[in-house]
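I opened this structure today and kept notes as I went. The entries follow in the order I made them.

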Amino acid sequence: MAQEDNFKKFVAHCKEYGYVFPSSEIYDGLSAVYDYGQYGVELKNNIKKYWWDSMVLLNDNIVGLDSAIFMHPTIWKASGHVDAFNDPLIDNKDSKKRYRADVLIEEHIAKIEDKINKEVDKAKERFGESFDEKKFRETNQRVLANQAKIDEINARFSKALNDSDLPGIRQIIIDNEIVCPISGTRNWTEVRQFNLMFSTEMGSTSDGANKIYLRPETAQGIFVNFLNVQKTGRMKLPFGIAQIGKAFRNEIVARQFIFRMREFEQMEMQFFVQPGTELEWFSKWKETRMKWHQALGFGSEKYRFHDHTKLAHYANAATDIEFRFPFGFKEVEGIHSRTDYDLKQHQEYSGKKMQYFDPEKGESYVPYVIETSIGVDRMFLQVISASYAEEELKKEDGSTDTRVVLRLPAYLAPVKLAVMPLVKKDGLPEIAEKIVHDLKFDFNCQYDDKDSIGRRYRRQDAIGTPYCITIDHQTLEDKSVTIRYRDSMEQERVKIDQLKDIISEKVSIQSLLKKL
Ligand code: GAP
């Protein structure tokens, strides 16, 4: 409950400080659709720049693309999305609530896992240093019984999914006595498949309207442009095409704020390689992408790989990078070895050869593909939730105060520095304005002269501004100002003409890219 309350507070903070607003709020909102406010859009742009530069700037064999959202409808037939981009849904007849049947089962498994973990934690506390967790898990009867339950459910669940056996999925829910979280009953409908693509019509009815889809992933725009980019860019294998853009999915259950949305953005890169080398490249991209996440400094313990045991029919390896969100470890990025499936499908459906002539081998073939696919919004949630902190501060008189601070990595922060005249007189505002005027070409700066200096600091802490510059009467004498650091709250006196160098070094995206 406390965790839920904290998450609610965090979501409220995102709204109050101009990061994320519910879409169409004055009309009571639109489910699972959000707008980014004045600071949110800056943070989002900085995240996209970090990704884009790490792909396109740092790799001379990766180029960018911006393909249209609307694409020929046959593309989605070829890719398998028309027939198979489905989620199994189930309704509870009493609460009239709709659920993803697979998620109900996964959450039930997670609850049993929780029981095991609680058992392990209790034993750890009891036995202290001498505790052998592996042995405990292998021998404790309650742990073994629960693990057997999980294994049994997983085996049935995998088989039912593989066989597209919808009654079989329903039976798992019935047999495990899974109840609706709202009504608490087991009064379930049949399980039905639900296609996640949004569709609309192109052209007027008089000239024959065509059903087209809003793309559910940006990747297909890359596949269908493979030859265009390869030929016009004279690209040699291995090479990659990167794209950032909107994607749309009619998610059955959309929750957890911006974690699962109906309109969202993806940053995807398809890396085309020689057949037979794909697993080597898969490992390289796994490592590269994990490094990219960890360079932000939130702590390596917050990340883990989740290798897929059950692979999609077109993949020969797949993993997720999971991040510890406030509601647990969840996928933020997928890395997939997609073989030659997509290009071959487009070759078949379009009748155009999707091949690469390899000058070294003297032969043509369909390349294999490694995909890295990350959601911008999930990355945004990762960054902002990991940065959010409520801190208790000790005041000089011994009393305590609290502050809410966004400890955003300085290179991603929307506002890099706030410039504040201590008072609104004696020429101090003019000096502050000149500093903003001089530095605004390099950094996003904010001029702030309202309220007491303490309140101004709190306001900047709440939006995550890493540096506050205060102009006081000493500035008039020696052209020095105080720079106050958001995280340590320490202050230092520096000369005005040093500011640009001090701040540049800390906020430039180059210093982040150099860590990769
Ligand atoms: N082209 C591969 C692909 O789309 P995916 O695992 O379905 O793979 C990739 O999606 C990433 O897109 C996910 O790891 C996640 O970060 C993001 N994503 C997917 N569905 C999303 C949704 N409904 N809302 C927000 N982000 C989503």
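**Entry 1: helix 2 and helix 13.** I looked up how helix 2 (residues 40-57) lies against helix 13 (residues 376-387): their axes come within 10 Å and cross at roughly 110 degrees. Axes here are lines fitted to C-alpha atoms, for helices over the stretch in contact, and angles run from 0 to 180 degrees between N-to-C directions. Helices (H or I, at least four residues) and strands (E, at least two) are DSSP runs, numbered from the N terminus. Angles of 65 to 115 degrees count as roughly perpendicular, under 35 as roughly parallel, over 145 as roughly antiparallel and the rest as oblique. I listed the contacts, meaning heavy atoms within 4.5 Å. Gly40, Leu43, Lys44, Ile47 and Lys48 of helix 2 meet Val376, Asp377, Met379, Phe380, Val383 and Ile384 of helix 13. By class, this contact of helix 2 with helix 13 has seven nonpolar, one polar and three charged residues. Ala, Val, Leu, Ile, Met, Phe, Trp, Tyr, Cys and Pro count as nonpolar, Asp, Glu, Lys and Arg as charged, and the others, Gly among them, as polar.

**Entry 2: ground rules.** I noted that this is a predicted model, where local features need pLDDT of at least 70, side-chain atom pairs count only at pLDDT 80 or more, and totals for chains, interfaces and linings use all residues. Residues are numbered from 1 along each chain as its sequence is written, and side-chain values use heavy atoms, with hydrogens and water left out.

Entry 3: A polar side-chain atom of Gln266 is 3.0 Å from a ligand oxygen. For Glu331, a polar side-chain atom lies 2.5 Å from an oxygen atom of the ligand.

**Entry 4: helix 7 and helix 8.** I turned to helix 7 (residues 141-162) and helix 8 (residues 166-175), whose axes come within 9 Å and cross at roughly 160 degrees. Helix 7 and helix 8 are therefore roughly antiparallel. Ile153, Arg156, Phe157, Ala160 and Leu161 of helix 7 make the contact with Gly168, Ile169, Gln171, Ile172 and Asp175 of helix 8.

Entry 5: Most residues other than glycine have a negative phi, and most peptide bonds are trans. I found a cis peptide bond between Leu237 and Pro238, with omega about -5 degrees. Pro238 sits in the loop between helix 10 (226-232) and strand 9 (239-248). Phe257 is not a glycine, yet has a positive phi of about 60 degrees. Phe257 lies in the loop between strand 9 and strand 10.

Definitions and conventions
Polar contact = N/O pair within 3.5 Å; in protein donor to acceptor, adjacent residues only side chain to side chain.
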